[in-house]
Amino acid sequence: MPAGRTTRAALRTLPLALTFAVAAWPFVLWLVHRVDAEAAVRTEQTVVAALKTGAWLLGGLLLVGLAVPLARAFLRLHGSRIWLSLSQDMAPLLRAQSELRHFESGARHFEVGRLARLRRRDDLALVHLQRAVELEAGAASHWHWLGLAQFDHGDWTAAAESFRRAEALDPGHAFGGALLLRGRALHLLGAPEALALLAEHGRRHGGSPKSHVWLAEAYTRAGDAAAARTALGIAAAPPRTKLSAEENWFRAIARMRTFGRGGPR
Amino acid sequence: MKDVLRSADEIPVTLVTALAYGTLAVMTKPFGPPDEFAEQLHRLGHLTPNLVLTGEAWRLLAHAFLHVGPVHLLLNLASLAAFGPALERSLGSVRFLGLYLVGALGGGLLVCCSYDPRQPVVGGSGALFGLMGAAMAMNMRSGRHVLAFLDFEGPRRLVVSILVNLLFGVVYPMVSNTAHVGGLVAGFLVTFLWLRPGEPSAVQTRWRLASLALAAGAACGTFAPVTRSDWLQRELLATPDPVRRTDLLRALERSLDPRRASFPAEPEQRGR
C-alpha cells in the first residue's frame, strides 16, 4: 500500500478514534484513581498542560508555516481535498450503479468506475474499470482510468501497462496524461526508460509543474543534476494562470528545492 | 402506545416550554431581594456540579427552564420562538421535547465535566443550541451532500447565528459557552445519527457507537469526577482506610494547587 493511501486511510479513521479517546478519558482517570488517587490528578494535569502547550505550538507553527510556500500549498491542497470530500454528490454514482443492474456494458462499468474514483471509492473503481476494459478493450479512456485507479492503488506495474495500452490506442490521450503517468509509474518501479517517456511528454505537451518535478526526479536518478535543476526551475516559474491546488503543491516543491540555488541556469 | 404518542404529538411543546419559562421566571421573583432570588433559583433547580454529585441529578434538566432576569428570559424566548415551531412541526412534539431535553442534558453534562464545582448555571440556551444543532443536522442531511445546504440563504444564516452566539459567549464571561457547545453537539449528533429513516450504514453504526460512548464518558465525568476537589473531599470523608486517606489527601492537595509538590506523609504514616 503506498504511503499516500495509508495516510488517507489513517486520516479517515482519525475523527472516530479521537471521539472514542475523548469518551474513554473519564473512565481511564477513574481506573487510575482506583489504584492511585494522586496519580489520576497528576495524569490529568499533565495531559491538560501538554494539550495546551501543543495547541500553542501548533498555532505558532501554523503562523510561521504560512510564510513558507510549501506549507501554504499543503494547506491549500488538503483544504481543497477536505472540501471536495464533504461536497461530493453521491447521487450520480448511485444512479450509475442502479442503471448497471438493468443492463451491463463496458460504458456503464466505466461510468461507475470513473465516478467511484472521483469519490475516492478506490476499491469499487478498480473492480468496475477492470470489467469495463474486459468488455470494451478498444476504448483508450477505459484503459487510462483503469491506469489511474491502479496508480492510486499502488500497483505501478499494472498502471504502466494500462497507460501503455491507452497511449497505443490514442497517442496523446488525455492531453498526454497517459504518457506522463506511464513515465511516472515506470520511474517509481525504477525502470530506466521512465526518463525518456517523461522527457517526451515535456517535448510533446509542454508540461506542468507536476510533470517538470517528476522529470527533475528522473534526471536526478539518472545523475544529470543540471537538467534536473533546469526542470525544477521551469516548474518553479511564476504561473501565467491560476494553478490548481495539486499543481500549486508541485510548484511549491520545486520552489523549495531550488531555494538558494539561483533557479534555472 | 401509538395512539398515546399520536395524541402526545398534539401538545404544542414550544408553547408549553415558553409558558414554563414564564411561570418559573415569576416564581423565582427576579425583582425581589437578591438573596431571596438566589434561594429561589437554588430551590427550583440551578445547575451546580457539586449538587449533582449529592444526588440532585434532576438539576441537569431543570436548569434549562430557569433564567436570571428579564433580558435573559426574553433572549431565550426569542430564540425558542425562532427555532421551536418549525422544528416541532417537522419532528413532531414528542421528538421535539426529547431533543430539547437532550440539548439541556448535553449542556449540563459538559458544564459538570469542566466547570468550577460551586459555580451555578441556569438558562435554556444549552437546550436552544441543541435545537440549532438539530436544525443544522437536518439541513446537512437533506441535501445532495453534507455541504449542499450552504447554497441556500436560510441555512447559511443559521450557521452565522450559531457562530455569532458562540462569539457572544466568548466575549461575555457570564455566558456559559460550555453549555452552548454541549447542547449544540448533543442536538446535532442525536439528529444527524439517530433521527433518520432507514437502516444505518456501517459508518453510521460506528458513529452511533461513538456518540453513545461520548454520552457515557460525559456521565462518568459528571458523576465520578475523580480529579475534582469536591469529589476528593467527599471520598476522603467517607474513607476509613488510613493509607487510602493519605493518598486522597495528596490528590486533593495537588488538585487544589497543581504547582505545589506533594506534601510529606502524615507523621503516623511516616513511621510505618
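A:Trp214 is buried, with a relative accessible area of 7% (buried means under 20% relative accessible area, with a 1.4 Å probe and protein chains only). A:Phe250 is likewise buried, at 10%. The model is predicted: local features need pLDDT of at least 70 and side-chain atom pairs count only at pLDDT 80 or more, while totals for chains, interfaces and linings use all residues.

Over all chains, the structure holds seven aromatic pairs (ring centres of Phe, Tyr or Trp, the last by its six-membered ring, within 6.5 Å; planes under 30 degrees apart are stacked, over 60 edge-to-face, the rest tilted). A:Trp214 and A:Phe250 form an edge-to-face pair, 5.8 Å centre to centre with 85° between the planes. Because A:Trp214 lies in helix H11 (residues 209–222) of chain A and A:Phe250 in helix H13 (residues 245–258) of chain A, the pair ties together parts 36 residues apart in sequence (helices are DSSP runs of H or I, at least four residues, numbered from the N terminus).

## Aromatic contacts in chain B

The ring centres of B:Phe188 and B:Phe192 are 5.3 Å apart and their planes lie at 10°, so this pair is stacked. Both residues belong to helix H10 (residues 177–194) of chain B, four residues apart, about one turn of the helix. B:Phe192 is buried, with a relative accessible area of 18%.

Ring pairs also link B:Tyr21, B:Phe65 and B:Tyr100 into a cluster.

## A charge over a ring

The charged end of B:Arg208 sits over the ring of B:Trp194, 4.7 Å from its centre (NZ of Lys or CZ of Arg within 6 Å of the ring centre and within 35 degrees of the ring normal).

## Conventions

Residues are numbered from 1 along each chain as its sequence is written, chains are lettered from A and ligands numbered from 1 in the order in which they are written, and side-chain values use heavy atoms, leaving out hydrogens and water.

Methods
Helix = DSSP H or I, 4+ residues; strand = E, 2+ residues; numbered from the N terminus. Buried < 20%, exposed > 50% of the residue type's maximum accessible area, 1.4 Å probe, protein only.
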